[in-house]
Protein chains: 2
Amino acid sequence: MNRRAQKATRKQTKAHNRRLVLKTIYDGGRISRADVARATDLTRTTVSDGVAWWIEKGFVEEVGFGPSAGGKPPILLRVVDDSHQVIGIDLASDEFRGAVVNLRGEIRERSTQPLNDRDGKAALALIYTLVSDLIAATDRPILGIGIGTPGLMDPIQGVVRRAVNLDWQDLPLRHLLKNRYGLPVHVANDSQLAALAEYTFGAENNADSLVVIKSDHGVGAGIVLNGQLFHGDSFGAGEIGHVTIVENGQPCRCGNVGCLETVASARAIVQQARTIARDNPGSPLRHFADNPERITIDTVCDALTQSGSVSGGEASADTAALADLVQQAARALGIAAANLVGVLSIKRILIAGSVTCFGSVLLDQVRATMLQRSLALVASETEVEISTMGPDMVILGASGLVLTQELGLFAP
Amino acid sequence: MNRRAQKATRKQTKAHNRRLVLKTIYDGGRISRADVARATDLTRTTVSDGVAWWIEKGFVEEVGFGPSAGGKPPILLRVVDDSHQVIGIDLASDEFRGAVVNLRGEIRERSTQPLNDRDGKAALALIYTLVSDLIAATDRPILGIGIGTPGLMDPIQGVVRRAVNLDWQDLPLRHLLKNRYGLPVHVANDSQLAALAEYTFGAENNADSLVVIKSDHGVGAGIVLNGQLFHGDSFGAGEIGHVTIVENGQPCRCGNVGCLETVASARAIVQQARTIARDNPGSPLRHFADNPERITIDTVCDALTQSGSVSGGEASADTAALADLVQQAARALGIAAANLVGVLSIKRILIAGSVTCFGSVLLDQVRATMLQRSLALVASETEVEISTMGPDMVILGASGLVLTQELGLFAP
């Protein structure tokens, strides 16, 4: 290496080592400088310098003494979880939702802005309102803004290439927000952030690679490979919602027919449930016959649970049509899972989003279909589970993205 | 970093720098030490030490002087392409094929061993015969043996987990060959090596990521991401041949029905063509009616070319059934391509294997199906082409694997 390169490398190494110190304290809970040195293979001097840096910035504090190993008892360090805050935003549901989140992914404040069918500039203005509200609600220094958006993203440039429902095309979201608020901004697709949420704050923080299939308004997959979001050449990795699943199926808003979204999205289930409510006087949704637009995915879920079919009971003929919707959606998700196994040979797939209210009825069908439709030797090593993270998943993934980019907390 | 770690790193850095020097000379054709230093950002001393090392081992030679830039004209270096040899083996066709290959992927000797339906230990014995023949045919030091095998591989351990046609299960191929020949052995799936062949010796050496869909006896995809083979958690990445494509389709040897292989493999086309030859007296294959087992994929290809339907002419009704086989295969490959785009968002897909004899008739249908069945904004950025590498593809990929692992020539 030449001198210039060496110098650059030394500077990078110093920043890298500093992040490693913080990550080690973060992961360790309460830990001494000596144990940080042991865990990282860094010299004690490097660790002490790093600790001093983070203490000065308020991220780390000393919290008393640990047990003595014979000599002087060691001072223990911990991360001050509420020393800084992050703003996480989810643009992928019926309302724009955001939260002020601390360093542990704990939500400190929330705000929502009902979308009411707004799109284009009006929808953008709603983000400004939401972010301004949340910034006003912070009471600690803000590390940055993380945004999960539906549609096709260029995460490098922070540009929304296309979000059909919001009528956005080539919207430079990062640039606009960065200029407006003077804060670091990180943007990614909502399904990708759902996967990152599992990897950062979820139960999946030990898995190197995982896929989250998220079904709400649309359907998409988020792919984490070796601890990092995988975006693909055209940044459309995981855009499985518009892969054809049903031959000559229903038209999709993307222009094709029979896309996964037309069968497996919460929206598709709700739309078909509304038709059933209107047309079938014996349906468990019959009391919505006059205002089917009030039916949501939770309504469908409740109706099936009460009729016993979700919990495994015998479905009446009237309930069967509704239960079939769920089976069709689950089967379509199983086909998608089989494709994912065939291409990625992934061991861990999680189902997330509002369709998870159907629980094991959905999950069992997804698993069975996946096994039936891919190489058994590979698929049998793939676990499919329902995500336990709930509706804040994208907000938490967006926060995790900021913490990874700005502090290196969840770097592989 | 502590002292021990520093020392380890220095040793690694030295080996890494040395490989970088060789790679730079290899890529440069004829290049001076000064230009290697400029290209690598290494010091002149490091470059000179590296060059001396490779000259002593015979990999590099001085080849006269370059143009003077004012002072003393610089000595030019080049890789001695035939200084060392690699043995590349392809176990994925009807016969076991191998070659002695030089550092540029040029084949110096060949050997084949007809399989004649052998499997299990008999098939393994055939590899020994093939490798021994090839070792005897080398006339330079051998860097290692690279093997492309059908089935599911553990490339880390070099174990064939399952190869149905060869009736192998958990066969420690690398271990067996390494012990027998005392040479480095690298093993991978044949489709993966097809992709590596494109990346190393093919026209695709500038693409960071690409997928090769190979259809011969079976169908599989090889996936190169960021210049490296992607294997997946269960090492089954790209095992798309057993993903269901046809609802209630033909039974597959994997136990499921309607797998991609049952429609899109050269074998499936040939099997169906044999039925047509037997049952359809007007078919272009009618002269095989009495011995349909002589029909190969090339026979089918020739029959369609002569009848004009492959070159775009009007097909007679008798030819139509045969042409339909190709369209069905192409459509199934297009569905697979759509799935690959949905999951990986890849910009470059190549079709390889013996089905490529159908040329643009196949290719056009694959492209059209892919576009119809995935998100247009992503798929429109994906180029699908027919590989130009021909039947030595797996042998070359296996050789490229050895050169990458042993010398770092094609490391990203």
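**Exercise 1. How many of the six residues of strand β12 (residues 210-215) of chain A are buried?** Then work out which way their side chains point.

*Solution.* Keep in mind that you're looking at a predicted model.

Step 1: Use the cut-off, where buried means under 20% relative accessible area. By that rule, six of the six residues in β12(A) are buried, so the strand is mostly covered.

Step 2: Recall a handy pattern. In a regular strand the side chains alternate between the two faces of the sheet.

Step 3: Sort the residues. A:Leu210, A:Val212 and A:Lys214 point one way, while A:Val211, A:Ile213 and A:Ser215 point the other way. Both sets are buried, A:Lys214 and A:Ser215 included.

**Exercise 2. Which strands of chain A does β12(A) pair with, and in which sense?**

*Solution.* Step 1: Take strand β13 (residues 219-225) of chain A. Six bridges tie it to β12(A), and the pairing is antiparallel. The two strands make a hairpin, with three residues between them. To find your place, look for A:Lys214, which sits opposite A:Gly220 in β13(A).

Step 1: Now try strand β15 (residues 348-352) of chain A. Here β12(A) runs parallel to its partner, and four bridges join them.

**Exercise 3. How many residues lie between β9(A) and β10(A) in their hairpin, and which turn residue has a positive phi?**

*Solution.* Step 1: Find the strands. β9 (residues 159-163) and β10 (residues 168-171) of chain A run antiparallel and are joined by three bridges. A:Arg162 stands opposite A:Gln169.

Step 1: Four residues separate the strands, and one of them, A:Asp167, has a positive phi of about 55°.

**Exercise 4. How many residues of chain B are in contact with chain A, and how much area do the two chains bury?**

*Solution.* Step 1: Count the contacts. On chain B there are 52 residues touching 51 residues of chain A.

Step 1: Look at the area. The size of an interface is often given as the accessible area lost when the parts come together. For chains B and A that comes to about 4,100 Å², with 51% of it on carbon and sulfur atoms. B:Asp233, B:Val343 and B:Arg373 supply 16% of the area that chain B buries here, more than any other three residues.

Step 2: In one salt bridge, the side chains of B:Arg161 and A:Glu381 meet at 2.7 Å, N to O. The interface also has 31 residue pairs in polar contact.

Step 3: Sort chain B's side by residue type. You get 22 nonpolar, 19 polar and 11 charged residues.

Conventions
Residues numbered from 1 in each chain as written. Chains lettered and ligands numbered in written order. Predicted model: local features only at pLDDT ≥ 70, side-chain atom pairs only at ≥ 80, totals over all residues. Heavy atoms only, no water. Contact = heavy atoms within 4.5 Å. Buried area = accessible area lost by both parts, 1.4 Å probe. Salt bridge = Lys/Arg side-chain N within 4 Å of Asp/Glu carboxyl O. Polar contact = N/O pair within 3.5 Å; in protein donor to acceptor, adjacent residues only side chain to side chain. Nonpolar A, V, L, I, M, F, W, Y, C, P; charged D, E, K, R; others polar. Pairing = 2+ DSSP bridges. Buried < 20%, exposed > 50% of the residue type's maximum accessible area, 1.4 Å probe, protein only.
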